[in-house]
Amino acid sequence: MNSKIIAVDFDGTLCENNWPEIGEPKKGVIEYLKERRKNGDKLILWTCRVGEMLEKAEAWCSEHGLEFDAVNENLPEIIESFGSDTRKIFANEYLDDRNPLYVSDTVDDVLYICDGKKCGDACPGKECKHTSDITHAKNFVKGDYDSYWEAVPKNCHGCFGASDDSCQCCEEERPV
């Protein structure tokens with residue numbers, strides 16, 4: 001199984017933001033995370049709360065059936081891999097109310113480069129250039145739970161189409 005690491009914020013993400021109190025639960029997010037953990041993904045509670053406030057948040061999460069593999073720190077295998085517990089939490093997915101894609105009910109305000117396969121006559125001109133529909137965005141692939149992930153080329157050099165023409169044009173995509 002190829003599990004993912006999900007770092008999730010507390011105030012405003014797992015519950016309504018009612019700092020310093022704990023707000024009403026966001027049941028959809030809680031159920032999503034419980035399902036992901038049940039399917040082998042690892043969860044990190046990633047919050048600014050500390051001390052007694054953190055203890056209350058952890059107890060609240062437990063009462064709502066959420067279990068975490070780490071709290072405000074990296075997973076042991078990540079710490080071992082990096083040689084220390086880096087300040088930044090390593091995850092494949094970050095859920096946070098400060099993330100504009102997370103708080104939005106839709107992503108209509110995000111434009112992707114179109115894959116040119118689905119628009120048909122809906123796009124002006126001969127070539128479709130942009131779309132707000134991620135289901136036919138270029139270089140995105142459908143993953144588990146109806147999520148979409150950007151396909152990263154094999155052996156990518158990290159230049160990502162550099163404006164100075166130094167991109168090494170990694171052509172092959174990694175299998176999902």
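Which pattern does the protein follow when read along the sequence? The pattern is β-α-β-α-β-α-β-α-β-β-β-β, made up of 4 helices and 8 strands. Here helices (H or I, at least four residues) and strands (E, at least two) are DSSP runs, numbered from the N terminus. This is a predicted model, in which local features need pLDDT of at least 70 and side-chain atom pairs count only at pLDDT 80 or more, whereas totals for chains, interfaces and linings use all residues. Residues are numbered from 1 along each chain as its sequence is written, and side-chain values use heavy atoms, with hydrogens and water left out.

**Overall features**

- Of the 176 residues of the protein, 30% count as buried; buried means under 20% relative accessible area, exposed means over 50%, and partly exposed lies in between (1.4 Å probe, protein chains only).
- The protein exposes about 12000 Å², of which carbon and sulfur atoms supply 48%; accessible areas come from the Shrake-Rupley method with a 1.4 Å probe.
- Among contacts (heavy atoms within 4.5 Å) with a separation of 6 or more, 54% are between residues 24 or more positions apart.

**Backbone features in loops**

- Most residues other than glycine have a negative phi, and most peptide bonds are trans.
- Trp-19 and Pro-20 are joined by a cis peptide bond, with omega at about 5 degrees.
- Pro-20 is found in the loop between β1 (5-8) and α1 (27-38).
- Asn-72 is not a glycine, yet its phi is positive, at about 55 degrees.
- The loop that holds Asn-72 runs between β3 (70-71) and α3 (76-82), and this residue counts as partly exposed because its relative accessibility is 29%.

**Aromatic pairs**

- The whole structure contains 3 aromatic pairs; rings of Phe, Tyr and Trp (its six-membered ring) pair if their centres lie within 6.5 Å, and planes under 30 degrees apart count as stacked, over 60 as edge-to-face and the rest as tilted.
- One of these pairs is Phe-10 with Trp-60, which is edge-to-face at 5.3 Å centre to centre, with 90 degrees between the planes.
- Phe-10 lies in the loop between β1 and α1 and Trp-60 in helix α2 (residues 51-63), so this pair ties together parts that are 50 residues apart in sequence.
- Both Phe-10 and Trp-60 are buried.
- Phe-82 and Phe-90 also form an edge-to-face pair, because their ring centres are 6.0 Å apart and their planes stand at 85 degrees.
- Phe-82 is partly exposed, with a relative accessible area of 44%, and Phe-90 is partly exposed at 33% relative accessibility.
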